[in-house]
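Here is a brief report on a protein model. Look at the aromatic rings and one hairpin.

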Amino acid sequence: MPKLSLGARLFISHLLVMMVGLGSFVIIAKVSSPRMFVLRLEQLEKRGIFTVRSARTYLVEGFQNAWNRSAILSVIVGASAAGAVSYISSKRITQPVKQMKRITQKFAAGDLDERVPESDIPELNQLSLSFNSMASSIGDVEQRRRELISDLTHELRTPLTVVRGYLEELADGRMDGTPELYLRLIKETRRLERLIHDLQELSKAEAGYLSINSRSINLRPLLVSLVERFADQLLEEGPDLQLNCPQDLPPVLADRDRTEQILVNLLGNAIRYTQKGLIAVEATKTNRQVWISVTDTGVGIAAKDLPYVFERFWRADPSRASHSGGTGIGLAIARRLVELQGGRIEVESELGKGSVFRFCLPIA
């Protein structure tokens, strides 16, 4: 048996409601009207207005015949009017749904530009707004996915071209192997490893496969170790690196390795985008959480880019991309790692003045 469409179901439901209403009206009127008519005649006779005893049977039969004709006519007219109204209303209700179906099919074919028009029905209008919001989000993600693929293609092509060029020179005997040359090859291969590792981590994070071993840890030794490690990488004319962490900072419930991964990513970004000035790492207790922030005086992030900083397919504007070669994968991983540990991550930034990245972890 073929399944009925939404429009057909609405039309049939309206007709059933109409038929039940008219049927109940006809049955009740058919049973009660003659009795009420006879009762009325008896009341008139008692008042002495006139006597209809001999003609009562004919009057009742005439009333019943007139009622039957009028009832049939009422049913026909009422059913026709109700059917027309039901058809129009069901068509009006299902039109946005049909439009949504058509647009969804276009989405499946790769056309993400069309949107569902607004509806006069509040529930369908809300559905249309939600659908359009989803379509815009999908379009943004698809655009950033294309940009990410373009960036990764460029990032992968550069080290591969360098490595292939050196290897061809070595194979042809036009270049002698030197420690400096091998160090260059190692540097390019490590660059490839970093890109592949970031993509694998992002894939695991999005799929929920990253293992989190939460336990009570003391953040201060970890912060001191990381600041000392990154301070050794800074040049004399580069920014200063400071740590502000109280001695009595309470332990947090977190995964030490994943927390270190988050901090390495944030500190690495701060150093990459800060040529001079100050980079400050600070840890403070607020209610039942510990907030860790990384503040820099670097190039900053434009206000229009802030909502996309932690999205998986976000990339910086061309000037930042050419400056750093990054794709934003690390920040997407950092956000997921913070969320898996029961915290949240935030960013504040002003272009040309610097950025503040902060995240919180629950106190153990």
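## Aromatic pair and hairpin

Both Phe310 and Phe357 are buried, meaning under 20% relative accessible area with a 1.4 Å probe, protein chains only. The model is predicted: local features need pLDDT of at least 70, side-chain atom pairs need 80 or more, and totals for chains, interfaces and linings use all residues. Numbering runs from 1 along each chain as its sequence is written, and side-chain values use heavy atoms, without hydrogens or water.

A search of the whole structure gives one aromatic pair. Phe310 and Phe357 form this pair, which is edge-to-face. Ring centres must lie within 6.5 Å to pair, and planes over 60 degrees apart count as edge-to-face.

| Pair property | Value |
|---|---|
| Phe310–Phe357, centre to centre | 6.0 Å |
| Phe310–Phe357, angle between the planes | 90° |

The pair links distant parts of the chain, 47 residues apart. Phe310 sits in the loop between β5 (289–296) and α7 (318–324), and Phe357 in strand β7 (residues 354–362). Helices (H or I, at least four residues) and strands (E, at least two) are DSSP runs, numbered from the N terminus.

β7 pairs with β6 in the antiparallel sense over six bridges; pairing takes at least two DSSP bridges. Ser349 has Ser355 in β7 as its bridge partner. Three residues lie between the strands of this hairpin, where Gly352 takes a positive phi near 85°.

Which residues of β6 (residues 345–350) form the covered face, and which the uncovered one? Ile345, Val347 and Ser349 are on the covered face; Glu346, Glu348 and Glu350 are on the uncovered one. In a regular strand, side chains alternate between the two faces of the sheet.

Key. Phe/Tyr/Trp six-rings, centres within 6.5 Å; stacked < 30°, edge-to-face > 60°. Buried < 20%, exposed > 50% of the residue type's maximum accessible area, 1.4 Å probe, protein only.
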